[in-house]
Amino acid sequence: MRKTLLFVYALATSLLLSSPVLGQFPAKTESSQMRRVKRQVLTSTSLPPIRIKFDKAFKYVGSQRFILYDRSQVEQHFFVNADKEQRIKRMYMMQFEGYLPKIKAIYDYPLTKTVTLGGQTYIVNSEGIPNVPAALKQNPQSDVTRAASFLESKGYRISESIIFQRFVRLVDDAKRNEFILLYVEDPGTGASAENEKAWQEFSGRALKGFRILK
């Protein structure tokens, strides 16, 4: 499954297959009209229709759109909490992704742990990445690397290691479009595979920083 390793190496930054062609969308597209951010609220009118409000501790730093591996179109939005040196301490990334019409494929995830958010079921998982630069280097064409490059272009710095929690759901019956909400944190909290309590606290923080509006 192409997304499993993707987010396990995922985001080493601020979220994915491999072709040398990575084209930018035009400045004005249907996608840009579908989604906007105002006063800490991200609004998407389709795929999926959703409104998410983020805590004021997180600053909206922008979005980017691109074609991934010549297979799917991706739109990413970033809300960041950073220190005075612009090192990212916590972050949310929203990723709207869908296969291009010419591609015959669907998204397929094993149904493991789930959580209900805003009346919808999301598959959820948590991971730690001890060496972010190495993870990014393994797949320099991924959406994860594109996210990292975008954040760095805005002057933000990514920690050498990160922990993250990912919430993902398919948003159409054909299973050709998905929505991902990714929470990333500097591992200074002490969360680790051997520290279950710290992981639980980390998961609590991931859910605390946003709210899905009716």
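Two strands are taken to pair if DSSP finds at least two bridges between them. The model shown in these close-up views is predicted.

**View A. The open seven-stranded sheet.** With antiparallel pairing throughout the order β4-β5-β6-β10-β9-β8-β7, seven strands form an open sheet. Its edges are held by β4 (59–68) and β7; each has a single partner strand, so one side of each is left without a neighbour in the sheet. From one strand to the next, the twist averages 25°.

**View B. Pairing of β9 with β10.** Strand β9 (residues 162–170) and strand β10 (residues 177–185) run antiparallel and are joined by eight bridges. Within this pair, F164 is placed opposite V184 of β10.

View C. Helix α5 (residues 196–208) lies across β6, β7, β8, β9 and β10, and runs at about 55° to β9.

**View D. The nonpolar cores.** In soluble globular proteins, nonpolar side chains tend to be buried together. The largest nonpolar core of this model has 23 residues. Those with the most contacts inside this core are I52, F54, Y92, M94, F179, L181 and F210. Two or more residues each are contributed to the core by β3 (49–54), β6, β8, β9, β10, α5 and β11 (210–212). Beyond its neighbours within four places in sequence, L181 is in contact with I52, Y92, M93, M94, Q165, R166, F167 and F210. Another core, of 21 residues, lies apart from the largest one and includes F78, M91, L136 and I158.

**View E. The open four-stranded sheet.** Four strands in the order β1-β2-β3-β11 make up an open sheet with antiparallel pairing. At its edges stand β1 (35–38) and β11, each with a single partner strand, so one side of each is left without a neighbour in the sheet. The twist averages 20° from one strand to the next. Four bridges connect β1 to strand β2 (residues 41–45) in the antiparallel sense, and the bridge partner of K38 in β2 is V41.

**View F. The loop at G119.** G119 is found in the loop between β7 (114–117) and β8 (120–129). Exposed means over 50% relative accessible area; G119 therefore counts as exposed, at 63% relative accessibility. The C-alpha atoms of G119 and K214 are separated by 9.6 Å, although these residues are 95 residues apart along the chain.

Methods: Residues are numbered from 1 along each chain as its sequence is written. This is a predicted model: local features need pLDDT of at least 70, side-chain atom pairs count only at pLDDT 80 or more; totals for chains, interfaces and linings use all residues. Side-chain values use heavy atoms; hydrogens and water are left out. Buried means under 20% relative accessible area, exposed over 50%, partly exposed in between (1.4 Å probe, protein chains only). Axes are lines fitted to C-alpha atoms, for helices over the stretch in contact, and angles run from 0 to 180 degrees between N-to-C directions. Contact means heavy atoms within 4.5 Å. A nonpolar core is a set of buried Ala, Val, Leu, Ile, Met, Phe, Trp, Tyr and Cys residues joined through side-chain atoms within 4.5 Å.
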